[in-house]
Amino acid sequence: MRKLGILVLIIAMLPMTGCWSRVELNDLSIVTATAIDKMDDGNYLLTLQIAVPLMLGPAEGSGKGGGSGGGNKPTVIVSEKGETIMDACRKLQEKLPRRLFFSHSRIIVIGENLAREGVAPVLDFFTRYRESRLRSYILFSKGKAGDILNLNAKWEKVSAEEIREEEKRHIGLQIYLKDFIHMLLTDGIEPVAAQVTLKPAEEGSEEGSSGQDKNAAISGTAVLHKDKLVGWLDDTETRGVLWLRNELKTSYVTVDIPKEKGGGRFTVLVFGATTKIKPAIRNDKIKINVEIHTENILFENNSQLDISKPQVIQYIEKELEQEIRKRIELTLFKAQKTFNSDIFGLGTAVYRAYPKAWNRQYKDRWDDEFSRVEVDIHPHTKVVRTGLTNKSMIMVEEENK
């Protein structure tokens, strides 16, 4: 009976141990975004965006969120430099009343100076620290990364959430921290991530205006070789990256019609795109065939083309295939000849198809082999919808005349 009583007492005490390590919300400085730059003296500059919980709720007496109205901002920006990221965190902690908490950090922005020297030392901190969020988006900026966090949020309560929403919409590359680390550690593929920049909210605004008057834009791509930044791709070239990585969700493609066909242009919405990479080795030479299949919706037709005719639809599909091929070849040429960086994972595709040959012949010299690999692009397009009318407004107007 005594043993039974002791057992009951032990069981009753077990739930009491569940809160021994709890930390109250009002004791935490919740980090929503992280930016890291390299200083001229070799130190790191760590900039954090920290949420102010009281300012994130609805404002009293109004039907809208507190946001930045009345001078009360939902976030604060703090920064500190240090010899390492942890050193900068320690110095930041000395001047903050609450403990830094990184588990809710939505984005990590890396400045160009740091990226060109190598991001491996910085990422080492995030792979070891237990509060790191591996599903944070990683982005790169041409200027100082810290400037990105000074953005004044206009559509969300927190500017980091605006950038995160842009990434979720697949405007450009969508790369999580865990994906970036995987690319960095995997043979046959080089790291790549989206570029984030500040652009004026209105076309024609002063380029030198402050971050408060600008919007964050996912515009372009940062290309790395190993862990070092080697260059940038623009928006058009970024679409080529998405095609070859089989990551294109939707895209608009505009094609110019030759003058002998009446001139003008048409625009389609590309969706349902799939890309399959098929390597082949013949006489110790690698040739890669890329098969692309897409479905498309005709959104605009500012030309003389009468899309009620099946042969015209076939012509549009052919022109669209040539445009897609041209865009991908442009990106591929730049990756092979300018950067020599396999950001598409072609080497990984070779390994999957020919693992023995890869380990024996190509793994250790893929940097040299990649620049010489022949890649054939074969797009296959199908226009599935043409809208509510067949004839363009130009054709209707000319007929009326």
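Tutor: Before we begin, two strands pair if DSSP finds at least two bridges between them, and strands (E, at least two residues) and helices (H or I, at least four) are DSSP runs numbered from the N terminus. The model is a predicted one, in which local features need pLDDT of at least 70 and side-chain atom pairs pLDDT 80 or more, while totals for chains, interfaces and linings use all residues. Residues are numbered from 1 along each chain as its sequence is written, and side-chain values use heavy atoms, without hydrogens or water.

Student: Which residue in β13 stands opposite histidine 293?

Tutor: Strand β12, which covers residues 285–303, runs parallel to β13, and the two are joined over 11 bridges. The residue of β13 that faces histidine 293 is histidine 380.

Student: Which element gives the most to the lining of the largest pocket?

Tutor: A pocket is an open set of points on a 1 Å grid with protein on both sides within 12 Å along at least five of seven lines, and lining residues have an atom within 4 Å of a point. The largest pocket has a volume of about 350 Å³ and is lined by 14 residues, with Ile189, Phe344, Gly345, Thr348 and Arg352 lying nearest its centre. Its lining draws at least three residues from each of domain 1 (26–52 + 73–233) and domain 2 (236–400). Two or more residues come from each of α8 (177–185) and α11 (346–353), and the element that gives the most, with 3 residues, is α11.

Student: How much space lies in the largest cavity?

Tutor: A cavity is a set of points where a 1.4 Å probe fits but cannot get out, and the count of those of 30 Å³ or more comes to 1. Phe102, Ser105, Ile108, Phe126, Ser132, Arg133 and Ser136 line the largest cavity. The space in the largest cavity is about 30 Å³.

Terms used:
Points joined across faces, edges and corners; volume = space filled by probe spheres on them. Domains from an automatic or database assignment.
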